[in-house]
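I kept them in the order in which I went from item to item.

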Amino acid sequence: MIRPSLVWLRRDLRLSDHAALTEAARRGPVVAVHVLDEAAPWAPGGASLWWLHHSLAALQADIAAIGGVLILRRGEAVGEVLCAAAECDAAAVLWSRHDEPQEQAAETRLSTALAAVGIEPVACRGDTLFRPGSVRGRQGQPLQVFTAFWRCALDGPPPPPPLPAPNRLERPARLPAGTSLPPLPAPRWWNGLQATWGPGEAGAARRLRDFLDGGVAPYAHDRDRPDRTGTSMLSPHLAFGEISPRQIWHAVHRLPASDGARVFLQEIGWREFSRHLLARTPSLPQQPLRPEFSAFPWRDDPDSFAVWCRGRTGFPIVDAGMRQLWHTGWMHNRVRMIVASFLVKNLLIPWQQGQTWFWDTLADADLASNAASWQWVAGCGADAAPYFRIFNPVLQGEKFDPDGAYVRRWVPELAAIPAKFIHRPWDGGGPRPMLDLKATRERALAAFRRMGET
DNA sequence: TGAAATGTTGGGGCG
DNA sequence: ACGCCCCAACATTTC
């Protein structure tokens, strides 16, 4: 009897284009295991836990349908994987490489521990088109500017084609112990998520098909319009690995070339860029990439932070975005930039606080993308928005939500405001917002200037 | 993947 | 017809 392989699943919750699962199935019997460690740093936040619950349930059913088994465990991941491997007498443990520093560290610990007990560790290709660190400039230098990074990435060999899903998994004689799915939070705050999403590999494939069938051509322009359905909404599926970027890449390359296709893949490029930055700089979620920002005079203002979180700033596009986030676990990317600029530049609240809120409320929360994007907005990151780039939420609203449809949808108390005043209701007799844009803009510019002088 | 201030130009009203 | 002013429209620069 061939000893089984254990496949350790993390954020690669799919069957297709899964190198570790495919290799394990080739070798013989397979046990898949997922470990939830709620005490780990950057453990899943609230919205991610909701998603994880459903994604694991879907994957368990998908694996069972081809004869396999997915075991769920809780606790410290490396220890649990070691135990599970022993319990089923595994000959090897396979996994997809993850790029986050703490995951890298866990992989190293696991490899060492497995080797010590005579179990083969097998790290398989991970969830990026290009392995972090492999994209370099002509002189071999790491690239800190997105456009240069992406140009070099596209100049290299294309990512390999996706693997088909195994059509059969063999079950071993002995199974490790398992627990049930992580419970859903007791107050049903997740109704809005349930109405918006279909977690799981099938849901991801459907989302990609719907997006590509609708035509990618308008994407180049429509992706900036929160009042339209111009984006793919694949981000949470990508974050949990229910679909791989290789699958997206090759699906897009089967279409005729267009501006929309190029711009869409460029967004995958930002995801790649973020991972490349995090792998190179593990402190990305904590420390500004530009060290001079350590001296920036951020304000401690819990009351204003709470007002921002709850979407009660009085600026319609900001409040709409924050409420869409709370309700659906997702926010349109244009609006993410607007609310982030507001927090960091108008309120002068540290970007790390915004990052933490997003981590808890975003279903697509991804350590690298979240950290890199907050640093980008704050002006302290790689290829960052210059400090003087301060979004005006009124002008941004008027430009990207011209009829106010997005605001009306998420801020119902403004539904009756005429379009002319929808992004500045105070000019039409509505309530005053929480702050003065001109004065806070001046305050931010002065603070940034002072930082530059010291 | 900004916004605001400042500069320039050109049409039109007017004396 | 001419110079002058105003100001919208656009371009440039500054933050």
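I began with helix α3 (residues 77–87) and found A77, V78, E80, V81, L82, A84 and A85 buried, where buried stands for 20 or more other C-beta atoms within 10 Å of a residue's own, exposed for 12 or fewer and partly exposed for what lies in between, with C-beta atoms placed from the backbone. Helices here are DSSP runs of H or I with at least four residues and strands are runs of E with at least two, numbered from the N terminus. The buried residues of α3 pack against β1, β2, β3, β4 and α4 (101–116), a contact being two C-beta atoms, placed from the backbone, within 7 Å. After α3 comes D89, with a positive phi near 55°.

I noted the ground rules before going on: this is a predicted model, in which local features need pLDDT of at least 70 and side-chain atom pairs count only at pLDDT 80 or more, while totals for chains, interfaces and linings use all residues. Residues are numbered from 1 along each chain as its sequence is written, and chains are lettered from A and ligands numbered from 1 in the order in which they are written.

Next I looked up the sheet, which is open, has five strands in the order β3-β2-β1-β4-β5, and is paired in parallel; strands pair if DSSP finds at least two bridges between them. β3 (70–74) and β5 (120–124) stand at the edges with a single partner strand each, so one side of each has no neighbour in the sheet. Neighbouring strands are turned by 25° against each other on average, direction ignored, with axes fitted as lines to C-alpha atoms (for helices over the stretch in contact) and angles running from 0 to 180 degrees between N-to-C directions.

I then followed the pairing of β1 (residues 5–9) with β2 (residues 30–36), which run parallel and are joined by five bridges. V7 has A32 as its bridge partner in β2, and L9 has H34. In β2, seven of seven residues are buried: V30, A32, H34 and L36 point one way, and V31, V33 and V35 the other.

For the helices on this sheet, I recorded that α1 (residues 19–27) lies across β1, β2, β4 (92–96) and β5, at about 155° to β4. Helix α2 (residues 46–65) touches β2 and β3, and its direction makes about 150° with that of β3.

I also checked backbone angles, bearing in mind that most residues other than glycine have a negative phi. D17, in the loop between β1 and α1, has a positive phi near 50°. Is D17 buried or exposed? D17 is buried, with 24 other C-beta atoms within 10 Å. M233, in the loop between α8 (219–222) and α9 (235–239), has a positive phi near 55°, and M233 is partly exposed, with 18 other C-beta atoms within 10 Å.

Last, I looked at DNA strand B and found around it F146, W270, M337, A385, F388, R389, I390, F391, N392, L395 and Q396, where a residue is near a strand if its C-beta atom, placed from the backbone, lies within 6 Å of it. By class, the surface near DNA strand B has eight nonpolar, two polar and one charged residues, with Ala, Val, Leu, Ile, Met, Phe, Trp, Tyr, Cys and Pro counted as nonpolar, Asp, Glu, Lys and Arg as charged, and the others, Gly among them, as polar.
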